[in-house]
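Student: Can we go through this one together at the screen? I'd like to learn how to read it.

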Amino acid sequence: MPDLFEAEGPIELAEDAYLVPGYLARYSSEMIPLLRNILRMAPLRRMQVPGGGWMTSQISGCGQVVWVSDLDGYRYSTIDPLTGRAWPEMPDRLHQLAVQSAAVVGFTDFSPDCCLINCYRPGTGMGLHRDKDERDFSAPIVSFSLGIPAVFLFGGHRRRDPVSRVTLEHGDLVVWGGKSRLYYHGIAKLANATHSELGALRINLTFREAL
Ligand code: MD3
Ligand code: FE
């Protein structure tokens with residue numbers, strides 16, 4: 001029987017995609033104040049999609065560029081369309097944690113220029129999609145989950161491929177690269193729950209090399 005206090009190692013979810021349960025839990029209390037500070041400068045907002053609908057999660061971010069969406073399409077932008085200013089700089093500590101996290105599963109030359117912040121409340125989610133607005137798909141995407149749990153859905157290269165489900169909890173690290181970098185994925189509508197530090201909220205950070 002594994003030691004109850006031993007950290008869990010990486011679980012391969014798909015080819016070149018790994019979940020490291022609880023890896024970030026020990027860093028969450030230092031990350032949350034950094035996130036609050038970013039969201040003070042670049043508030044969370046819902047984004048409209050080109051078809052006219054609205055995403056149900058709320059988005060912000062930091063770094064040189066952040067992913068944005070409006071009726072004209074999806075793109076990475078150096079300017080926050082809500083404030084008209086540059087996005088907040090990515091705190092060195094967040095950058096360092098993202099680089100360290102990628103290295104845990106063997107991606108050793110990752111240097112993100114974008115940290116997208118997705119914020120979910122119970123009843124919200126994210127439909128199946130691919131992340132394909134980045135310039136170079138050879139870099140992985142590193143995801144930090146904080147707050148209440150969510151069911152992550154992931155399929156394959158085709159929208160019709162069968163979908164697997166895995167629950168992402170506070171402190172979970174997911175790294176997607178290589179062969180599964182362009183897999184379809186999404187987040188099922190969140191159930192009601194409360195987290196001790198964040199309340200009825202899930203925050204997901206995705207670190208990307210977008211430029
Ligand atoms: C699989 N975010 O921001 S993170 C997104 O929890 C996004 O907020 C989800 O999908 C969230 O685009 C999922 C895990 C993740 C991130 C990027 C991926 C999974 C991925 C890229 C390719 C395949
Ligand atoms: Fe995505």
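Tutor: Contact means heavy atoms within 4.5 Å. This is a predicted model, where local features need pLDDT of at least 70, side-chain atom pairs count only at pLDDT 80 or more, and totals for chains, interfaces and linings use all residues. Residues are numbered from 1 along each chain as its sequence is written, and side-chain values use heavy atoms, with hydrogens and water left out.

Student: What share of the contacts with a separation of 6 or more comes from residues 24 or more positions apart?

Tutor: Take the contacts in the protein with a separation of 6 or more. Residues 24 or more positions apart account for this share of them: 73%.

Student: Which residues coordinate the iron ion (ligand 2)?

Tutor: Donors are N, O and S atoms within 2.8 Å of the metal (3.2 Å for Na, K and Ca), and water is not among the atoms, so the site may look incomplete. The coordinating atoms sit at 2.0 to 2.2 Å. They are NE2 of His-129, OD of Asp-131 and NE2 of His-185.

Student: How many residues apart are His-129 and His-185?

Tutor: Strands are DSSP runs of E, at least two residues, numbered from the N terminus. His-129 is in strand 7 (residues 126-129) and His-185 in strand 12 (residues 185-187), so the pair links distant parts of the chain. The spacing is 56 residues.

Student: Is His-185 buried or exposed?

Tutor: Buried means under 20% relative accessible area, exposed over 50%, partly exposed in between (1.4 Å probe, protein chains only). His-129, at 23%, counts as partly exposed. His-185 has 15% relative accessibility, so it counts as buried.

Key:
Chains are lettered from A and ligands numbered from 1 in the order in which they are written. Helices (H or I, at least four residues) and strands (E, at least two) are DSSP runs, numbered from the N terminus.
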